[in-house]
Amino acid sequence: MSTMTRITLETQGHVLLIGLNRPEKLNAADEQMLHELSLAYGQLDTDTNLRVGLVFAHGDHFTAGLDLQDVGPKLAAGKLQMVPEGGLDPWGITTEQVSKPVVMATRGTCFTLGVELALASDVVIAATDSRFAQLEVSRGIMPFGGGTIRFPAVAGHANAMRYLLTGDSFDAQQALAMHLVTQVCEPGQEFETALEIAKRVASQAPLAVQETLASARAIDSEQEKKQVFQRLASLMQTKDVARGMQAFMTKQPANFEGN
């Protein structure tokens, strides 16, 4: 386990478990939590042994959003530092997005930055008791973690505006219908379901996974049509290709090493 107080870190094989750990405040994010979460994403990005991140929350709720008592004055003064040295913006707005896949498990309250963290993740498992909301307009501000960009792109403009402009909440089934989450399960099963998927991703060729992710995230699709063959050519030079081919021929699981 880590020495952080707002975020717990634990590794299972090649999976980094990132736990929001302020349950007494419904995991509301103060500046310290933002810093620690950023550092966790930085570790995921740079540690070559890590292949997948799994973000979850301790307690019954994922997050109530920003702790405005702590963050509000700093945000108003333009002095909120979200990404300390060695960190990476978990929402991929002020820095490059983490280069490795992120699986997220949510339950209970998942407001504002929690919704945006789901939108920035690659696979999201939601317990049926999850409640989502982008409440910013009700607080006189606007989403600044990618909600205005990714929510319309994922759910469609009209669906996103229904919630971005009202601050109303929606449930797990509505989130599934709008493609904000991947799968819905019973409360208490979301972590194990997410972990199983994370381990499946971690068992694949890591360089191939990262290039696939980068290609899927490419904003300029015309440019990516040219880039995808360059990505493939680079992967064809790796030893993991030979390991994958050998596994196919022998019908045995491949032991990918990321080279």
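The following legends describe close-up views of a predicted model.

**View A. Helices α4 and α5 pack against each other at an angle of about 135°.** Helix α4 spans residues 147–155 and helix α5 spans residues 157–164, and their axes lie 6 Å apart. The arrangement of α4 relative to α5 is therefore oblique, because angles over 145 would count as roughly antiparallel and those from 65 to 115 as roughly perpendicular.

**View B. Residues at the contact of α4 with α5.** From α4, the residues G147, T148, F151, P152 and A155 take part. Their counterparts in α5 are H157, N159, A160, M161, Y163 and L164. Classified by residue type, this contact comprises seven nonpolar and four polar residues, with no charged residues.

**View C. An open sheet of three strands in the order β5-β7-β8.** The pairing within the sheet is mixed. Strands β5 (109–111) and β8 (169–171) form the edges, each pairing on one side only. On average, neighbouring strands are turned by 25° against each other, direction ignored. In general, strands of a sheet pair through backbone hydrogen bonds, in either the parallel or the antiparallel sense.

**View D. Parallel pairing of β5 with β7.** Strand β7 covers residues 131–133, and three bridges join β7 to β5. Among the residues involved is T109, whose bridge partner in β7 is R131.

**View E. Helix α3 lies across strands β5 and β7.** This helix comprises residues 113–120 and runs at about 80° to β5.

Definitions and conventions. Residues are numbered from 1 along each chain as its sequence is written. This is a predicted model: local features need pLDDT of at least 70, side-chain atom pairs count only at pLDDT 80 or more; totals for chains, interfaces and linings use all residues. Side-chain values use heavy atoms; hydrogens and water are left out. Axes are lines fitted to C-alpha atoms, for helices over the stretch in contact, and angles run from 0 to 180 degrees between N-to-C directions. Helices (H or I, at least four residues) and strands (E, at least two) are DSSP runs, numbered from the N terminus. Angles under 35 degrees count as roughly parallel, over 145 as roughly antiparallel, 65 to 115 as roughly perpendicular and the rest as oblique. Contact means heavy atoms within 4.5 Å. Ala, Val, Leu, Ile, Met, Phe, Trp, Tyr, Cys and Pro count as nonpolar, Asp, Glu, Lys and Arg as charged, and the others, Gly among them, as polar. Two strands pair if DSSP finds at least two bridges between them.
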